[in-house]
Amino acid sequence: MTITTFGRALGLSAALGLAAAAPALAEWQPDRPINIIVPWSAGGSTDQVTRVVAPILEEALGTPIVVVNQPGASGSIGTKAALDAPRDGYTWTANAIANNATYAVTGLVEDTSIDDYRIYLHVANVPVVSVNADAPYQDFGELLAAMKEEGTVTVGTAGVNSSGGMALAALNEAAEGGLGARMVTYDGGNPAVLAAAAGEVMATTQLAVEQTEMIKAGQIRPLAVLSDKALSVEGLDPIPPITEWLPDMHIAPDYFGVFIPVGAPDEVYETVDKVWQEHVMTSEALKSYATERGADFNPSFGEDARERAMPVVIAEACSRVTRGEAVMDPSEIGIDCSGMD
Amino acid sequence: MIEGAQGFVAALGALATPMNLFHVAWATLLGIFVGSLPGLTATMGVALLTTLTYTLDRDVAILVLICMYVGAIYGGSRSAILLNIPGTPASAATSLDGFPLAQRGQAGYAMALATAGSALGTIVGIVLLVLIAPPLASVALNFGSFEFFWLAVFGIVISGQLTGNTSPLKGYIAGILGLMVAMIGSEGIHAHVRFNLGIDDLNGGIALIPAMVGAFGFAEVLTVMYRRKAGLVADSSLKDRGFPRLRDLWRFKFTIGRSGVIGTLVGIIPGVGEDIGAWASYAAAKRSSRTPEDYGKGSTEGLTAAETGNSAVVPGSLIPALTLAVPGSAPAAVLIAALFIHGVRPGPMIMIEQPTFLYSIAAMLFLATIGIAVFGLSLTKLFILVLRIPREYLMPLVFTLCVIGPYALTQRHFEIWVMVLFGLLGFVLRQMKYPMAPLVLGIILGTLLDKSLRRGLTLSDGDLTPFFTRPISAGFVAVIVLTILAGTPPVRRAMGRLVAPLRRSREQEGR
Amino acid sequence: MRFESATSDRITAAVFFALGAAMAWGGYTMDRLEIRQIHPASIPGLVPMILGAALMLCAALLFVGAREDEPEGEGSWEHFLVAAGWSIAYALGMVGQMPFALATAIYLAGFVGWFLWRDVRPERPVVTAAGVVVFSVVTAIAISALFRYGFLVRLP
């Protein structure tokens, strides 16, 4: 699709008028719809959870919140659109924080870091390794053995920088670089899982929340969860942890949230902080979403959220360096790899 | 079948609120105006209205766009009958028999028949939409990257072939140019920015809507001003009957049924639109008519066939648009863009993700059909007044909307530049007899073609064989080869004897 | 110079050939992203190369097959240049530099006025001129108001 610039639908003139009219520290009262750009296609993990959060924010802020899908290029197209939009508090983005913080490292978006956003986190997600229901592999050990042979296994992901792509890279690293699996890029987690269900690719490493429907439908078979403890989802057998096969695998929780680019008037962030604290962090809708889909409801915002996010950000950025995929030194944007071995 | 009917009735009930009916009324009326004014096309109307309604709710916005589409295709018959100038290219065949009828003083009756034909054609199309789309979507669920690649190629080839006026070559070139436009900006697999020519605004690519507003709006304004002024001689003294005789409609039941089916099928073919639907129905009706000698001299049967055919294309063109995200016509391409803007993802998954959406679309088409029937039979005199608006007043007004529209979507002056550039390009290409539909299709299918080819090659580890050996792929390859062969001069000459003489005699360049 | 002639087809064929060559070359020299270890069949330049080659082929066929068509009625270059020039001046020059309604009023008055005087030559120039001005001002204000308050669209 070529409607990649839609999300910049914000008026500069109105932004100026708003900034001039609003007194400092006042409660922010949006006078028009807020766009949340989801840089992945509809139905993916980010899209799902954002569509659960949006109505909560909509009610609390008293203005329509429009979720806009702008997929493409590992989420970088939509992210760039959000960063390029006027910084007036009316264009947000939603994603896994590790993505936003490492787009500069992979060169997908130039000159950006975690400090470009005020961060509001809601759930942590775990990737699951699944195979097509007709595939011969019954447990992860068999799949791992097959993956070590060059060119036999195709793995669908939403791109090198997506949660699934990062999971595959982490697997490759844990298996000491010996995987010959071919990554095939789709427009988002949902299309990648569908490709696995249809048998176009043999396996997928996307997130549990993107796979639960297809797992329940018997189209794909989960083999392992990238975590150190088993994943239990309502209505499914527990999925064994990857550490049963790769005990040394390094795992950091992959946090998701909505992010407001910095530079908007202060009252925007203050108001959203308050809404997050009072409405999102206590939301029953989010809690039940998490238990049904296999996510971990663990909300936070601001500095607290930034702190929680750093382990996964560092892990991702630094593994890019070790894999030779980085186009810059992460320390330039404040990510220190010295703690990693 | 029963499930479809239930879904349709439920969707209709949900849509038929007083507020929505108000939207149906103004949008259909506006559509008929746009269609009846030579120089304003359905594509332009839908593209402009997309930019101006994006703040509305999803269902209301789509409803308004569909009413505009249906209204504009129907509205073209007005000027075709009264002025012998098709209001949109879709009505070129209508003028063949409509204008002679008007000259005989039967303009009112001709317009009534056109109204009935359009309404019935749309209804045939709606029925086929509800019947064909769900099975097509489930077939399309088996489409993988290899099939989607060939689908994109097929769309460009068939559209180029059938819309290239004098030679398919120009159709192919227009299609390739559209695909090239889609190459600009960040690509969808590795996020590498291609051909941004050093302009940062191009990193996100060229959006379809500003390009379409330029190619169909600004280019049309320029074309109208460039042409020598046509003498407008509308006969406003309508004294004859303004309602269709039921006896006539019953007599034409086979013509209407046949034309409706032909129009819908033409609509399903990617990028082949209403004008071809009308010509194909007209030619088929003439061949099986008992009075073929009347055709072109004021045949009511011919008029009915043309109007039924072009209106049936509208639901037909939405079938691939909804189930494959491949537009069946140029206005449908805009509708796909509008669906994305409003958060609906057309494609094979639509029947699973939003099973009721298809029926909502069918219900919207039905409401629009009621709109054209009511307005078409009641407001005859008003439409004649509209036809008298001089072009000097109308065209700058249209251009003003062409400036507001693209800007409204993104608030960037860059979009206005895109609109102007595509307007100038569209004008020149149109003057040189390049069809616009393949260009539009290329812009929308370019990313699909690019991603599917490279994804497919990654899947097969660089091996080309799966592109030819998988059953559906092989079928596509065969059809594409046959289509290209059919475009070569010897085959074309033989085939041309069927439709070409009619088309050439009244060719209306551009769409 | 006519648009639909063999000569103009040959000229455009040459332009398209050059465009195709440029895109094919651009695709060939495009970054193969080896640093990201992508599959060699998925390089970003692949499809541009194919499209460039396809356009070159079509352009060559167009050049060879160019022949005269039956000419259609010609248009007026003067009308085209005035309409295009004035519209572009409005879209790219005036809009954004001054209030939208003002720019639109000036544009409408200029456009309608020029074509009326050029084609129709009104019998009562003062009355017609006043009519044009009123039309332009009222329409410009109405359009601005309709879109700003009716459709909630932000104007330039």
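Colleague: Does B:K433 count as buried or exposed, and why?
Modeller: B:K433 counts as buried, because it has 20 C-beta neighbours inside 10 Å. The rule is that a residue is buried if 20 or more other C-beta atoms lie within 10 Å of its own, exposed if 12 or fewer, and partly exposed in between, with C-beta atoms placed from the backbone.

Colleague: What am I looking at, and how does the numbering go?
Modeller: This is a predicted model, where local features need pLDDT of at least 70, side-chain atom pairs count only at pLDDT 80 or more, and totals for chains, interfaces and linings use all residues. Residues are numbered from 1 along each chain as its sequence is written, while chains are lettered from A and ligands numbered from 1 in the order in which they are written.

Colleague: Back to B:K433. Where is its place in chain B?
Modeller: B:K433 is in the loop between α19 (413-431) and α20 (437-459) of chain B. Helices here are DSSP runs of H or I with at least four residues, strands are E runs of at least two, and both are numbered from the N terminus. B:K433 is not a glycine, although it has a positive phi of about 70 degrees.

Colleague: And B:F195, what phi does that have?
Modeller: B:F195 has a positive phi of about 45 degrees and is not a glycine either. It is found in the loop between β2 (193-194) and α9 (208-226) of chain B. B:F195 counts as partly exposed, because 19 other C-beta atoms lie within 10 Å.

Colleague: How many helices and strands are there in chain B?
Modeller: Chain B has 23 helices and 2 strands. Of its 511 residues, 66% count as buried.

Colleague: At what angle do α11 and α12 of chain B pack?
Modeller: Helix α11 (residues 253-268) and helix α12 (residues 274-287) of chain B pack at about 145 degrees, with axes 9 Å apart. Axes are lines fitted to C-alpha atoms, for helices over the stretch in contact, and angles run from 0 to 180 degrees between N-to-C directions.

Colleague: Is the crossing of α11(B) and α12(B) left-handed or right-handed?
Modeller: Right-handed. That applies if the near helix is turned clockwise from the far one by less than a right angle, and anticlockwise gives left-handed.

Colleague: Which residues of α11(B) meet α12(B)?
Modeller: Among them are B:I262 and B:V266 in α11(B), while the residues they meet in α12(B) include B:A280 and B:A284. By class, the contact of α11(B) with α12(B) has 6 nonpolar, 6 polar and 1 charged residues. Ala, Val, Leu, Ile, Met, Phe, Trp, Tyr, Cys and Pro count as nonpolar, Asp, Glu, Lys and Arg as charged, and the others, Gly among them, as polar.

Colleague: New topic. How many residues of chain C are in contact with chain B?
Modeller: 59 residues of chain C are in contact with 50 residues of chain B. Two residues are in contact if their C-beta atoms, placed from the backbone, lie within 7 Å. On the side of chain C that touches chain B, the largest share is the 10 residues from α2(C). That side divides into 39 nonpolar, 14 polar and 6 charged residues.

Colleague: What does B:E392 touch?
Modeller: B:E392 touches C:V112, C:F115 and C:L116, not counting residues up to four places away in sequence. It sits in helix α18 (residues 391-410) of chain B. B:E392 counts as buried, because it has 21 C-beta neighbours inside 10 Å.

Colleague: How is chain A divided into domains?
Modeller: Domain 1 of chain A is 6-18 + 31-124 + 253-333, and domain 2 is 128-244. Those bounds come from an automatic or database domain assignment. The C-alpha centres of the two domains of chain A are 25 Å apart. 27 residues of domain 1 of chain A are in contact with 23 residues of domain 2.
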